[in-house]
Amino acid sequence: MAKKIVVLISGQGLTLQSLIDACHSDQIDGQICSVISNKADVLGIERAKQANIPTQVFLRNHYNTNLEMDMAIADYINNCNADLIVLAGYMKILTPEFTRMFKGKILNIHPSLLPKYPGLNTYQQALNAGDKEHGTTVHFVNEEVDGGAIILQAKVPIFDNDEIPDIEQRVKTQEQLIYPMVVKWFVDGRLSLIDDKAYLDGNLLPVNGYAMD
């Protein structure tokens, strides 16, 4: 039976689209059973609707606390019987209670070569530091922001005259390639989290995961 996937978004859904396409082409033997957004009227919701995927919007101002909102999302996900939660540009920090509830079942993609530059403004940080390369990281989610076990990284060059949009475009191209690959590993039963470490085919992955240059 195909694994059920819930995708959380906050924006235009480029990464979501790559996952939808991978499922439709049978690259991923899984079903996106719902797309959740913490923002209304975003393009990602329209992408889901065009693919006949159920959507649900959870707005922070409808809840007294972050935890109350996350528990409502958790209840919804449990009712979906989801096997995997994929964060695809979800711009709200999840509460520790939520991440513990779904430990080993939440993936995120972050636009830096973690552990460098967790959090926001990673492109500007890389430019400010004079870095010659940047990239993206797929990792399991834990209670620490962008601190979970690393699964896979892809690197891109930074050239002398680059501005943020130049680097961002290269990174997004890689993200749309590697995220579906990692989701496929998970739904195929190849990828797991054991003792807070990432394993692929039963083998412990390096601290920085696989690197794709």
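Q: Which strand does Thr 136 lie in?
A: Thr 136 lies in strand β6, residues 133–140. Strands (E, at least two residues) and helices (H or I, at least four) are DSSP runs, numbered from the N terminus. This is a predicted model, where local features need pLDDT of at least 70 and side-chain atom pairs count only at pLDDT 80 or more, while totals for chains, interfaces and linings use all residues. Residues are numbered from 1 along each chain as its sequence is written, and side-chain values use heavy atoms, with hydrogens and water left out.

Q: Is Thr 136 buried or exposed?
A: Thr 136 counts as buried because its relative accessibility is 0%. Buried means under 20% relative accessible area, exposed over 50%, and partly exposed in between (1.4 Å probe, protein chains only).

Q: What does the side chain of Thr 136 make a polar contact with?
A: The side chain of Glu 175, at 3.1 Å. The Thr 136 side chain also reaches the backbone oxygen of His 110 at 3.2 Å. A polar contact is a pair of N or O atoms within 3.5 Å; within protein, one must be able to donate a hydrogen and the other to accept it, and residues adjacent in sequence count only if both atoms are side-chain atoms.

Q: Which residues does Thr 136 touch, not counting those up to four places away in sequence?
A: Among them are Ile 109, Pro 111, Leu 152, Val 171 and Ile 178. Contact means heavy atoms within 4.5 Å.

Q: Switching to Thr 122. Where is its place?
A: Thr 122 is in helix α5. Thr 122 is buried, with a relative accessible area of 3%.

Q: Which side chain is joined to that of Thr 122 by a polar contact?
A: That of His 134, at 3.4 Å. Beyond four places in sequence, Thr 122 touches His 110, Pro 111, Ser 112, Tyr 117 and His 134.

Q: Now pockets. How much space lies in the largest pocket?
A: About 1,000 Å³. On a 1 Å grid over the protein atoms alone, a pocket is an open set of points where a 1.4 Å probe fits, with protein on both sides within 12 Å along at least five of seven lines; lining residues have an atom within 4 Å of a point. Grid points are joined across faces, edges and corners, and the volume is the space filled by probe spheres set on the points.

Q: Which element gives the most to the lining of the largest pocket?
A: α6, with five residues. The lining has 39 residues, and Gly 89, Tyr 90, Met 91, Ile 109 and Pro 111 lie nearest the pocket centre.

Q: And by class?
A: The lining has 15 nonpolar, 16 polar and eight charged residues.

Q: Last topic, the open sheet. What is the strand order?
A: β8-β9-β10, with antiparallel pairing. The edge strands are β8 (191–194) and β10 (203–204), each pairing on one side only. Two strands pair if DSSP finds at least two bridges between them.

Q: How many bridges do β8 and β9 pair over?
A: Four. Ser 192 stands opposite Tyr 199 in β9, and the β9 bridge partner of Ile 194 is Lys 197. In the hairpin of β8 and β9, Asp 195 takes a positive phi near 50°.

Note on methods
Ala, Val, Leu, Ile, Met, Phe, Trp, Tyr, Cys and Pro count as nonpolar, Asp, Glu, Lys and Arg as charged, and the others, Gly among them, as polar.
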